[in-house]
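This report looks at helix packing and nonpolar cores. Please have the structure open while reading.

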Amino acid sequence: MGILDRIAGTLEELTGEGRAALADEIARARAQAAGGDRSGAEAKLVELTHKAPAAAPGHLALGELRLERGALEAAVESLGRAVDLESGNPAAWCALGEALAGLGRID
């Protein structure tokens, strides 16, 4: 991905249109996971977080999916990123706390 693609992607993230498209993609990935294709959903969410690295909702959805399937270290990484990006999001903090508790970590 070139610098111009990154700039265009960042600008798209800042618009309402970009946020709506991201929300739609996350909803589709969550539905895919609920339908039993968790690995496909995770791959889609990883792709979304690479396309929109500054968007907390993608990292949150990825972390929640990883938490649900028991990949706690990976969940902590994704959820920590979501908290870093959007520190006022209680869902991100709660999920991060659950993942850390599952690992026996109190940090």
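In which hand does α3 cross α4? The crossing of α3 past α4 is left-handed. The model behind this answer is predicted.

## Helices α3 and α4

Helix α3 covers residues 38-51. Its packing angle with α4 is about 150°, and the two axes lie 9 Å apart. An angle over 145 degrees counts as roughly antiparallel. The pair α3 and α4 therefore falls in that class.

On the α3 side, the contact uses Arg-38, Ala-41, Glu-42, Leu-45, Val-46 and Thr-49. On the α4 side, it uses Gly-58, His-59, Ala-61, Leu-62, Leu-65, Arg-66 and Glu-68. By class, the residues of the α3 and α4 contact are 6 nonpolar, 3 polar and 4 charged.

## Helices α4 and α6

Here the angle is about 30°, with the axes of α4 and α6 10 Å apart. Angles under 35 degrees count as roughly parallel, so α4 and α6 are roughly parallel to each other. Their crossing is left-handed.

From α4, the contact takes Leu-60, Glu-64 and Leu-67. From α6, it takes Ala-91, Ala-92, Ala-95, Glu-98 and Ala-99. The contact of α4 with α6 holds 6 nonpolar and 2 charged residues, and no polar ones.

## Nonpolar cores

The largest nonpolar core has 13 residues. Which of them touch the most other members? They are Leu-67, Leu-79, Leu-96 and Ala-99. The largest share comes from α5, with 6 residues.

Take Leu-96. Beyond its neighbours within four places in sequence, Leu-96 is in contact with Val-76, Leu-79, Gly-80 and Val-83. There is also a second, separate core, of 12 residues. Ala-29, Leu-45, Leu-48 and Leu-62 are among its members.

## Arg-66

Arg-66 sits in helix α4. Is Arg-66 buried or exposed? Its relative accessibility is 13%. The limit for buried is under 20%, so Arg-66 counts as buried.

What does Arg-66 touch, leaving aside its neighbours within four places in sequence? Its contacts are Glu-42, Val-46, Ala-71, Ala-74, Ala-75 and Ser-78.

Key. Residues numbered from 1 in each chain as written. Predicted model: local features only at pLDDT ≥ 70, side-chain atom pairs only at ≥ 80, totals over all residues. Heavy atoms only, no water. Core = buried A, V, L, I, M, F, W, Y, C linked by side-chain atoms within 4.5 Å. Buried < 20%, exposed > 50% of the residue type's maximum accessible area, 1.4 Å probe, protein only. Helix = DSSP H or I, 4+ residues; strand = E, 2+ residues; numbered from the N terminus. Contact = heavy atoms within 4.5 Å. Axes fitted to C-alpha atoms, helices over the stretch in contact; angles between N-to-C directions. Parallel < 35°, antiparallel > 145°, perpendicular 65-115°, else oblique. Left-handed = near helix turned anticlockwise from the far one by under 90°. Nonpolar A, V, L, I, M, F, W, Y, C, P; charged D, E, K, R; others polar.
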